[in-house]
Amino acid sequence: MMAARAREVPKPRTAGWTAPAFGAVAEVVQLISGLVFPPNRQPAAEAGMRRAMAAFRIPSVTLLVQAMQRPGEVRDFVLAELTVGETYFFRESGALELLRTTILPPLIDRRGAATPVRIWSAGCASGEEPYSVAMMLRESGWPHAARILGTDVARPRLDAARRGRYTKWSLRGVSQDRVDRWFTPHGTQFDLDPDILAAVQFAPLNLIADDYPSVATGTTDQDVVLCRNVLIYFDRATVT
C-alpha cells in the first residue's frame, strides 16, 4: 500500500501589518513623504513604528496615527525610522570622478569662475554624499567656489549630518589616507574636518512638496542634482 502523501505545511507569513492601524500610519507617511511600503517592507516599517511608540511612550498605534497628523518630534522620528538612511562616504567613486572630470569643467568654461557651482544632494540622509563631494573638490584642487546643499525629509538625520561625527560603518571602503586627512578619531567615532563641515549646507526638504525649486529652499539654479536610491521608494504616480 502506498503511503499517504504528507500534508503540505503552510509557509509562515513573512510580510504584512500585524494590526490595521500600522497600515494607517503608513498611509499618513505616504501622504507626507511619498514613501510606499509593499508587503516585503512592512515588517521593517512596523518595527520602526514600534520604536517610535517606545521612544515617546505612546501606548497604542491609534494614538501614533493621531500624533502623525501634525508636525512635531513624533512625526520627525517616524520619518527618520521609515526612510532609508543607508549610505557611506565615497559610495560611488566612479560617479564622483565623472562629476569632477567631465561634468563640472564645462560648466566653468561656459559661465566663468566667478559664478559658484551649485550641487544639490537630494535625500542626503546623514550627509555622507554631499561631504564626499566637498572632499573630492578639495582633493582635486578645484579652484572655484562651490555651493553644496544636502536635503532630506528626516530632520534627525540632518541633525546628525550637521554634527559631522561618524562611525567606521560610514567609512567602510574609504582609504586610510583619506580617513587620516579628513577625520579626527573621537573614541570609536570620527569627527569630520571643520572646513568640510563648513562647505555643505543642510536643510529639510520634502521631495513631494511644491515649495521647490525656490530661493527660500536654496534649490534654484542647481547645476548638478544627486538623487541616488530615492525615487525607488515612491510609487509611479509620485515619481511622474
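This is a predicted model: local features need pLDDT of at least 70, side-chain atom pairs count only at pLDDT 80 or more; totals for chains, interfaces and linings use all residues.

Leaving aside its neighbours within four places in sequence, which residues is Ser 132 in contact with?

Modeller: Ser 132 is in contact with Phe 89, Phe 90 and Leu 96, once neighbours within four places in sequence are set aside; contact here means heavy atoms within 4.5 Å. Residues are numbered from 1 along each chain as its sequence is written, and side-chain values use heavy atoms, with hydrogens and water left out.

Ser 132 sits in helix H6, residues 128–139. Helices (H or I, at least four residues) and strands (E, at least two) are DSSP runs, numbered from the N terminus. Ser 132 has 2% relative accessibility, so it counts as buried. The cut-offs are under 20% relative accessible area for buried, over 50% for exposed and partly exposed in between, using a 1.4 Å probe and protein chains only.

The buried residues of H5 are Leu 96, Leu 99, Leu 104, Leu 107 and Ile 108. They pack against strand E1 (117–122), H6 and strand E7 (224–226). H5 has a kink of about 40°, centred on Leu 99; the bend at a residue is the angle between axes fitted to the seven residues ending there and the seven starting there. What about its end-to-end span? H5 covers residues 93–111, and its 19 residues at 1.5 Å each should span 27 Å; the end C-alpha atoms are 26 Å apart, so the two agree. (The expected span is 1.5 Å times one less than the number of residues.) Just after H5, Gly 112 takes a positive phi of about 90°.

Now for some helix pairs elsewhere in the chain. Two packed helices are described by the angle between their axes and the distance between the axes. Helix H1 (residues 20–33) packs with helix H2 (residues 42–55) at about 90°, their axes 11 Å apart. H1 is therefore roughly perpendicular to H2. The axes are lines fitted to C-alpha atoms, for helices over the stretch in contact, and angles run from 0 to 180 degrees between N-to-C directions. Under 35 degrees is roughly parallel, over 145 roughly antiparallel, 65 to 115 roughly perpendicular, and the rest oblique. Phe 22, Val 25 and Ala 26 of H1 make this contact with Glu 46, Met 49, Arg 50 and Met 53 of H2. By class, that is 5 nonpolar, no polar and 2 charged residues. (Ala, Val, Leu, Ile, Met, Phe, Trp, Tyr, Cys and Pro count as nonpolar, Asp, Glu, Lys and Arg as charged, and the others, Gly among them, as polar.)

Glu 46 of H2 has 6% relative accessibility, so it counts as buried. Not counting residues up to four places away in sequence, Glu 46 touches Gly 16, Trp 17, Thr 18 and Phe 22.

H1 also meets helix H4 (residues 73–82), with axes that come within 11 Å and cross at roughly 90°. Val 29, Ile 32 and Ser 33 in H1 meet Arg 75, Val 78, Leu 79 and Leu 82 in H4, a set of 5 nonpolar, 1 polar and 1 charged residues.

As for the whole chain, it has 10 helices and 7 strands, and 41% of its 240 residues are buried.
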